[in-house]
Amino acid sequence: MSRYVIGRIGQALVVLWAAFTVSFILLQALPGDAILIKFLNPELGLGPEQIADIRASYAADTPLWSQYLHTIANFLTGRFGYSVQAGVPVSALLLANLPPTLWLATFGFLLAVILAISISFVSVLLPLPRLRAFFHSIPSLFISTPVFWLGILLIQVFSFQLKLIPVISPGPWEVLVLPVLTLAVPISAPLAQVLMRNIDHVLTEPFVAVARAKGASHGWVVWKHVAKNAVLPTLTIGGILFGELLAGAVVTEAVFGLNGIGSLTQHAVSSQDIAVLQALVVFSAAAFVLINLTVDLLYPIFDPRLRIQKGAVA
Amino acid sequence: MSLTSRFRNRAGLALLGATLLAGSASWAATAWAAGADETPVKGGTLIYLEQQAHTNLYPPAGGFYPNGGILNQITDKLTYQNPQTLEIEPWIAESWTVNADATEYTFKIRKGITFSDGTPLDAAAVAKNYDTFGRGNKELKLPISEVINNYDRSEVIDPYTVKFYFKKPSPGFLQGTSVIGSGLVSPATLALPYEALGDATKIIGSGPFVVASETLGRELTLKARADYNWGPAKLSHQGRAYLDGIKYIVTPEDSVRIGALLAGQADVIRQIQAYDEKQVEDEGYLIYAPSTRGVNNSVVFRPDNPLVADVRVRRALLHATNTDEIVSTLFSTRYPKATSIIAKTALGYVDLSSKLTHDLEKAKALLDEAGWRVGASGLRQKNGQTLELSAYESLPQPQNKETLQLVAQQWGKVGVKLNVLTADSGSATVNNLDPVKAPVSPAMVGRADPDVIKSQYYPTNRNVLLQKGGNSDKVQSFVDDKLNGLLEKLASEPDRTKRLAIAGDVQSYVIDQAYAIPIFEEPQAFAAAPYVKGVSFEAVGRPSFYNTWLAPRR
């Protein structure tokens, strides 16, 4: 058991280091940098000498390897550097932007799970084949819905036409409703697709036939025997979907004009704010690793067979 | 020379209940006249939706519209430029004298004015501001203001008299004291480094509004200053602002800004595209499109790139460009077709429309003459090279990508290819300063003084042609000494008549060299709810909410 956990943590650290290094190299390889972009703005009217002075004050022209070692040492001690664009420490930006995205992502994911489960089970339990086929096709519709378009549509309908929720200066809960829905719909689609396929698969298993033979109703079989078994592979994809969640947050936050990691990423990319981007990459990689680790550790709870195997490994 | 604004203003019209008003009445006159028969209501918070977040609030960075829209509410200026007459009127300065060759300016400062941190706004504070704006501050990375030329030093004569000395005549300086880029800030603000001035709460001005709170990149709240009593002397409104506060909310999405305005969630929005104007007006909302009165929205060449080094090639492309088609296809009557490199309402304007004709045959002949022949691919070639150019779109300019794409289609008719590149990544800023990567570029700038032409073209200012010695280190050799000489004369000729004549010479020279293809006179387009009264704009189209009030909503 302990070797298994240590192994997983070791892998996680290697992934983090690789993410850091690859992103460092890629970000450095881009032409220009945040300092140039900010100070080359023709409206400032700075000459090349002044720009060179400013660059020197940021130590922007020291050799790459020394910048690399310097940055990695700082990251290890929890210092993420300064945002050139905003003029504040990166850690302050992350701290300020993390909570809204966390709420958005958490509620978005929960709603996606609820949607996926509802659609999947309704599509199995409905008596009419035509209705079942209709529900079966919903995930394909959802997965091909662009987040951007959906966000604008929801704003137009619920905020501007029906005037139910303001998008400009909304209350603390109102602010979440439409963005959460926008984020949840496309995320629910792959979840529902996997869940449906699993349900269909489990329904063909011998133990289902046995349960039916004992006289259990269709609904009872689905709830009691199929659901638990079908949920398992869905968990794995749930972990992978975290990336989608983050990508969705970028667009959702842009459309709704929200603060968060997504809009921070967008601004950092457009101003090539390397320190911020570097921290965001490492942060996302860390979150990804953590979530997938959690999913791995959750598996045994849902599947007793894994508990026995786990004992055998340890 | 008196200039009258010729553009039509639907806002004022709607208020008057008329359908159309053309001619010499400016928006300011109509809007204020309309407001006169209604008594202003005090109180309320104005919700203002801005397309982009502000970048830096060091006053000389106020040229960027999101910056200027905030600075104009929180800072006062030494003088006030009447947006209607373009005359310079007293504000923080009660009176002033200028010597004959415009090298010495003396200002008498109004008494009893304080910055919002309590520091008195006196001669010493004014001197400190102009020493910083005029000379920059290397240590704090504060750049020199582009509106102040030839600045030498200041002298505090007595607590309420300050004198400025210039190394060479600086006739544009008086107007320069009235622009947003010369907003006066507390010495405490000027002691901060440039990068700290992105934080609006650090900007301490003496204006009618004060920054109350800020969520970086998202939201900014201003509240009215109760003891404000030093607005421009000739305005009918004196004392504190009518509004209690202004809330700026950054809303990048066009459709969300317009939808929120029409749904009653916002009061004023900035940047509304021509194609959305009808929808807004049909709902009874108002569009304000004040002119920026400066260098027109143009396409400029970077002659350092050998492809556009030949004046015949540039001239050919000028004649291949159909500005009528661009204006009628993409814009509305609020975007008048350009007839010089500066707007008709700009000081020193001369009509050069006879040199700006659309003439495909002439274009083709010029390209043939320059040795560019149509090759097998339909594109012009010379010595194995294809005449293929690139330009990066400019995000702040209205429908700039569409404009460039239309230009590309038009140039395609004479066998020249123009690639329109998106500016969605930061590297576009850097690439746009490389004549090899961006031989063509969109450009515009607003300011109601002929110095604006120097701002746009002079190497150590905006340097749109990318001459050597400016902000780009990628330039090999291109310098136009004749142009620079003219620009220096323009910025230092104390005699008004002579100065305006030089402004005319510069316009002709730029067009004769075909350095720029002017397209349209760019307005700043705003939309506002009908109950928002007394909306006004300074001389180059940035809003001022000092006089604004909210009538009861019907």
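In which hand, right-handed or left-handed, does helix 5 of chain A pass helix 10 of chain A? I'll come to that in a moment. First, a caution: this is a predicted model.

Let's start with chain A as a whole. It has 13 helices and 0 strands. Read along the sequence, the pattern is α-α-α-α-α-α-α-α-α-α-α-α-α. Chain A has 314 residues, and 34% of them count as buried. Now the contacts between residues at least 6 apart in sequence. In chain A, 74% of these join residues at least 24 apart.

UniProt, in an unreviewed entry, lists residues 98-299 of chain A as "domain: ABC transmembrane type-1". Over that stretch the chain is 85% helix and 0% strand. Its end C-alpha atoms sit 28 Å apart.

Back to the opening question. Helix 5 of chain A passes helix 10 of chain A in a right-handed crossing. Two numbers describe a packed pair of helices: the angle between the axes and the distance between them. Here, helix 5 spans residues 90-125 and helix 10 spans residues 218-256. Their axes come within 9 Å. They cross at roughly 145°.

Who meets whom? From helix 5 of chain A, the residues include Thr101(A), Leu104(A), Ala105(A), Gly108(A) and Phe109(A). Phe121(A), Val124(A) and Leu125(A) in helix 5 also take part. On the helix 10 side we have Gly219(A), Val222(A), Leu245(A), Ala249(A) and Thr252(A). By class, that contact has 9 nonpolar residues, 4 polar and no charged ones.

Next, chain B. Take helix 10 there, residues 323-330. Which of its residues are buried? Thr323(B), Ile326(B), Val327(B) and Leu330(B) are. Seen down the axis of helix 10 of chain B, the buried residues fall within an arc of 100°, so they line one face of the helix. An α-helix has 3.6 residues a turn, so residues three or four places apart point the same way. And what covers those buried residues of helix 10 of chain B? The cover includes helix 12 (400-412) and strand 20 (516-520) of chain B.

Last stop, a loop. Lys437(B) lies between helix 13 (427-431) and strand 19 (440-445) of chain B. Why does Lys437(B) count as partly exposed? Because 19 other C-beta atoms lie within 10 Å, and buried would take 20 or more. Setting aside neighbours within four places in sequence, Lys437(B) is in contact with Ser390(B) and Asn431(B). Ala391(B) is 46 residues away from Lys437(B) along the chain, yet their C-alpha atoms are separated by 7.9 Å.

Methods: Residues numbered from 1 in each chain as written. Chains lettered and ligands numbered in written order. Predicted model: local features only at pLDDT ≥ 70, side-chain atom pairs only at ≥ 80, totals over all residues. Buried ≥ 20, exposed ≤ 12 C-beta atoms within 10 Å, placed from the backbone. Helix = DSSP H or I, 4+ residues; strand = E, 2+ residues; numbered from the N terminus. Arc of directions from axis to C-beta. Contact = placed C-beta atoms within 7 Å. UniProt positions renumbered as here; feature names shortened; annotations may be inferred. Axes fitted to C-alpha atoms, helices over the stretch in contact; angles between N-to-C directions. Left-handed = near helix turned anticlockwise from the far one by under 90°. Nonpolar A, V, L, I, M, F, W, Y, C, P; charged D, E, K, R; others polar.
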